[in-house]
Structure formats: C-alpha cells, structure tokens
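Thanks, everyone. Please look at the sequence and the structure.

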Amino acid sequence: MRTILHHIGGQAVDGGARRQPVFDPNLGRPQAEVVLGDADTVERAVAAARQAQPAWAAMNPQRRARVMFEFKRLIEAEMDTLAERLASEHGKVVSDARGDIQRGLDVLEFVCGAPHLLKGEHTVGAGPGIDVYSMRQPLGICAGITPFNFPAMIPLWMLAPAIAVGNAFILKPSERDPSVPVRLAELLLEAGAPAGVLNVVQGDKLVVDALVDHPEIKAISFVGSSDIAQYVYGRGAAAGKRMQCMGGAKNHGVVMPDADLDQAVNDILGAAYGSAGERCMALPVVVPVGEATAAALRARLVDAIAGLRVGVSTDPEAHYGPVVSAAHKARVEGYIQLGVDEGAELVIDGRGFQLQGHEEGYFLGPTLFDRVTSDMRSYQEEIFGPVLQVVRAQSLEEAVGLASRHPYGNGVAIFTRDGEAARSFATDVEVGMVGINVPIPVPVSYHSFGGWKRSGFGDLNQYGMDGVRFYTRTKTVTQRWPRSGPAATDQSFVIPTMA
Ligand code: NAD
C-alpha cells in the first residue's frame, strides 16, 4: 500500500511509527497510509526552514515571483492528475476538485505580484530634511494547519502569500487527504524554490501542538472547526504568535418574496448539496420571507432535489459524491435524527441511500427539513453534510436577526430584486461575507476571506492584501541627513514634533 510521507528540506521523509489509513470514501476502504509526525518531525522541519529562509528572503522579490509563476504553471500542467487524486481521498466529484485547485491557483496568481505588494510607503519632507519610509519584511518561519475539505485551495491560501513575501513555511495538512499538499511541495521545489522553503509535516494534534508551541514559528494560520480553531488561537496567541484561525459555519440564504425563485432554487441547490455540503461556504439554511414564498420555495426545492444525482467522484454526471468518512456519515445521520426528534419536518430523508456497486462508500442522499426553528440544536450547530434546513421568517428584519444572532458568521446570501432591501441587508447583517443573488460569496483572490463570530478568531483575513499583511511586519524608518554647513548644536529634551 502507498505510504504518504513528510516533505522536509526538499526530501521525502519517513518518521515515527505512527501511521493512519487514508480512505477512498467512494469505496469505503483504505487506499494508502499516512505517516504521523511528532515534535521531533516539527523540529526537523524548523531546522530545514531556518536554513533556507534567509537566502530566500534576500532574493529580490521579482525573482521570487518568477518561481511562483513557474509553480503555477506546473500545477496547471498537472491539474487532471491532481484533481483525480484529490477527489479519490476527499470524495468530491472531479470537476469540483478542479475548482478546489483553481481557487488556490487564483491566490497564487495574485501573489505573483509580490514585488508590487511588498512596496512600502514613503513621505518626503515629513520635517526639515526628514523623510519617512516603511517596508514590509517577512516574519521568518510561518506555519499553516488545514482542514480536509479543500486540500489544495486552503494550503495555497496560506503558503502562496507566506512564501512569495520571503518566509519559509511548514504546512500540516489534514491527515484525511494528505497527498495533494505533498505534491504541491514537490512542484514548488521543481519550480526553483530552495529546499526547506516549503515543508509538509503530516500528523494530528501532536504536530499541531508542536507547531503552536515552537518558539521559532512566528505566525500560524489555521482553518478547521471552531472549537479547535479557538483552542489553537488561544494557545498560539498566549505564546505571542501572530494567529489567524478560521472556524466552522452555518450560512443562511434569505429568499425575499420578489426573488427570481427559479434562479434562487438553482443557486441554493448547488450551494447546499455541492461537495456533499462539506464546504464552509455551503448554504445549509434557507430562510424564505413570508408564507407564500416558503410554500413556493419548498415545492420547487422538492422537485429540484428529485433530479439530483449522487455518484462516485469520477462520475461526470454526478452532482456530488460521498462524504469524507464513515464517522462523518454517522455524524450527519445523527443530526438528521436530532432534527426529527426536535420536531422539524423531515420532507426528504437522505439516510439509507445506497449506490449500486458502492455499498460500502460513504454516500448520503439529499435531505430537506422544513419548519426548523432557531431554538433547535440541529439548527445552531454545523452539520457539514447534504442537509438543507428551511427556517421560515415573516420579515426581512426577522431573517437578518436569525443570521446575525447565529453563533457562526461566515457567509450569508440574499435573493431579491429589491436594491434597497439588499443594501440594508448587506449593511446590517453580522456576518463576514455577503452574497447578493450570489449563493457562495467566496471573495476573489485580490479581496480577502474571513468570517465573524465563531467562524474566525484573529483580526486579519486569508489572502488578498490581508494575506500579505499577515505574513509580513512593517518597519518604519524616519531619516534625516545632515545638510552641509555648521552642525546643529541645539539640544532638545521634549518629544520631537513636526509643529
Ligand atoms: P478539524 O477541525 O477536524 O481539523 C482541522 C485541522 O486541525 C486538521 O489539520 C486536524 O489534523 C487538526 N486537528 C484536529 N483535531 C485537533 C486537535 N484536537 N488539536 C489540534 N489540532 C487538531 O476540521 P475538518 O473536519 O478537517 O474540516 C472541517 C471544518 O473546517 C468545518 O468545521 C468547516 O466549516 C471548517 N472550515 C472552515 C473554513 C473557513 O475558512 N472558515 C474553511 C474550510 C473549512
């Protein structure tokens, strides 16, 4: 069986006795195993990063950008193989796996502009003979810890800006789909980055704790579930590190009475069930405003769901594939039962779905609940599966209140033709990313990504200029060059001012 190793100092590195199977969720059986590192593995990765980083940071930014351009070209050339491998470990359909890689490539493309992004500010004549300028310098060694659900995009959100601005990086990918991150590290090496600039350490909590505690690691980016995001954030921040930790989500889609219902249903379907609902920007809650909207929406959803095709990752006709693991499938089924027990109306039950020839795969049919209420635990918590909950509201204010009071605040959408309603919704709602007739409002690579409340701990978002800010620190220089003529002899004991 294939063994997925660490990638440290440009080499494949075995290490330690601990290993864990990597499953194919389509088949429900292991297809490989991954080594699990520990504090010693992290120490090795830090040593490789420490050796590589100063020369990488000293290289002029345009040359570093050329490496990033080549890295992008190499990933594009391998797109098909990478997407198939990714899909076989995650379970998403291959076309969606290509999207996962493409969204990462978008960030890579943005940071190819590193020479421009790194330019500081300059003021000539801030005082007599005084000029002020600032520069952005890399932090040194940074690390990223990523979830299973975007094994290409999220590592690239982090490592692309970190490396382009001159840091060395240690990535701890999800142990459930670790192959693509290793291949990314190999391709960066092939693109011309020195060995040790990007290291991949496989593992679980042991590695996470060792990264968070390591005194030479200056910044950590984490994406995963909220409890772990908060734990990692607290532990790293207490140690004085720069931290950005993104957590879970429960995004609401508000459907106004004037919405184009056919378009809205089309959008909601893809956003709720695409990738089997395993996206932090999925739309698992839909909020029709008014009883007439609710009835019309429900009828259309029932019809549309009947046309969904659940299939293996390689089925080009499938809308979505299996969920990632047997444990996750059981967890989602548990939430469906909880919804029933709490009194929600189960309109379509996705449990018990079986795909012929793949009976052991982790497949779930689409589930639809109506008359879900905000006091239900199945509403308050993240399910992360192909389950859509309808929560009826009587007014826009009530809908805004639902999304704003929810503990998560990642994304939200409104479907309407009314500009005034959309504008007040976008302004008032307490959520980090808003879509107006856009169901999955993941910002483009030159803006930045981040949720509010339990969806994000720390103050800088992923990628865009926030990514550049997160992985650099600003140094500001105030300089005065003596003029020719007699030296100034006056002394001053008051704080200098420009008055
Ligand atoms: P997870 O929290 O289980 O794992 C994330 C990372 O943390 C993994 O690398 C894992 O190895 C590590 N980890 C797991 N348990 C740990 C522990 N006890 N201590 C330290 N580290 C630990 O998340 P997941 O199941 O891989 O991913 C799904 C979650 O990620 C969902 O909640 C989803 O909403 C969230 N997510 C959020 C965003 C976002 O940007 N807000 C994006 C994608 C996914």
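Start with the shell around the ligand. Of its 29 residues, Lys 172, Glu 175, Arg 176, Ser 225 and Glu 382 come nearest; a residue is near if one of its heavy atoms lies within 4 Å. A word on the source: this is a predicted model, where local features need pLDDT of at least 70, side-chain atom pairs count only at pLDDT 80 or more, and totals for chains, interfaces and linings use all residues. Residues are numbered from 1 along each chain as its sequence is written, and side-chain values use heavy atoms, with hydrogens and water left out.

Now the polar contacts, meaning pairs of N or O atoms within 3.5 Å. Lys 172 places a polar side-chain atom 2.6 Å from a ligand oxygen atom. Glu 382 also has a polar side-chain atom 2.6 Å from an oxygen atom of the ligand. Thr 146 uses its backbone: an N or O atom there lies 2.8 Å from a ligand oxygen.

How much of the ligand does the protein cover? On its own, the ligand has 840 Å² of accessible area, and the protein covers 89% of that (Shrake-Rupley method, 1.4 Å probe).

Next, the make-up of the shell. It has 16 nonpolar, eight polar and five charged residues; Asp, Glu, Lys and Arg count as charged, and Gly is among the polar ones. Domain 1 (2–247 + 455–477) and domain 2 (252–436) each give the shell at least three residues, with bounds from an automatic or database domain assignment.

Notes. A polar contact is a pair of N or O atoms within 3.5 Å; within protein, one must be able to donate a hydrogen and the other to accept it, and residues adjacent in sequence count only if both atoms are side-chain atoms.
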